[in-house]
Structures are given as structure tokens and as C-alpha cells.
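Work through the exercises below with the model open. Each one is followed by a worked solution.

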Amino acid sequence: MFAILVEYLRPLDEIDALVPAHRAFLKTQYDAGVFLLSGPQVPRTGGLILARGLSREALEALTQQDPFYQAGAARYQIIEFAPNLSADALSFLRT
């Protein structure tokens, strides 16, 4: 399991222009079963994505396909973790 911290590098008006393409990228990864949850940070300085099913190397390569990355508008920190406790509703995510 991975937490991907997204940090915006460009002003929000530039980020907003990229959001439709970014969301299309996210949808593709949701459809593939890789991304589990995503959303903006509060305050809006970046975002967070939960992912699974790929190696770190494959996930790093995948983030480079994100329109935010391709436009130089964001950078990514990938944190691997092993969830062993959760609310009952999320028990399917435990390792």
C-alpha cells in the first residue's frame, strides 16, 4: 500500500487548468484498481492518493504520466506502508 503526497509547484490557476486532464488520469487508475482514494489537501497545497497493487518503481513511473507532473506543476512523495489495523469497513485493505 502506498500514500502518494502531491505537492503543487505552480499557482492554483495553473493547477485548475490541468484538473480535468488530471482527473481523467485518476479515473484510469481507479478503473485499473490501482488508486483507492484521492483528494486535495486542506489548505489546497497539493493532494493525497492511496494506491496499491504496483511496485514502488511502477508507481513512480505511473505518477510521471499524471498531467500535473508532465506540466511541471507538481512533485510526488511516495510512502509505502503496511496497514495492519483499520475500521471494520476497511478491513479488506489490511495486509
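**Exercise 1.** Find which residues form one aromatic cluster, and describe the pair between Phe-25 and Phe-35.

Solution. Phe-25, Tyr-30 and Phe-35 make up one aromatic cluster. Rings of Phe, Tyr and Trp (its six-membered ring) pair if their centres lie within 6.5 Å; planes under 30 degrees apart are stacked, over 60 edge-to-face, and the rest tilted. This is a predicted model: local features need pLDDT of at least 70, side-chain atom pairs count only at pLDDT 80 or more, and totals for chains, interfaces and linings use all residues. Residues are numbered from 1 along each chain as its sequence is written, and side-chain values use heavy atoms, without hydrogens and water.

The structure holds 4 aromatic pairs. One of them joins Tyr-8 and Phe-68, edge-to-face, at 5.7 Å centre to centre and 85° between the planes. Another, Phe-25 with Phe-35, is also edge-to-face, at 6.0 Å and 75°. Phe-25 lies in helix α1 (residues 12-31) and Phe-35 in strand β2 (residues 35-40), so this pair ties together parts 10 residues apart in sequence. Helices (H or I, at least four residues) and strands (E, at least two) are DSSP runs, numbered from the N terminus.

**Exercise 2.** Decide whether Phe-25 and Phe-35 are buried or exposed.

Solution. Buried means under 20% relative accessible area, exposed over 50%, partly exposed in between (1.4 Å probe, protein chains only). Phe-25 has 9% relative accessibility, so Phe-25 counts as buried. Phe-35, at 3%, therefore counts as buried.

**Exercise 3.** List the contacts of Leu-59 beyond its neighbours within four places in sequence.

Solution. Contact means heavy atoms within 4.5 Å. Leu-59 contacts Phe-2, Ile-4, Val-34, Phe-35, Ala-51, Leu-54 and Ile-78.
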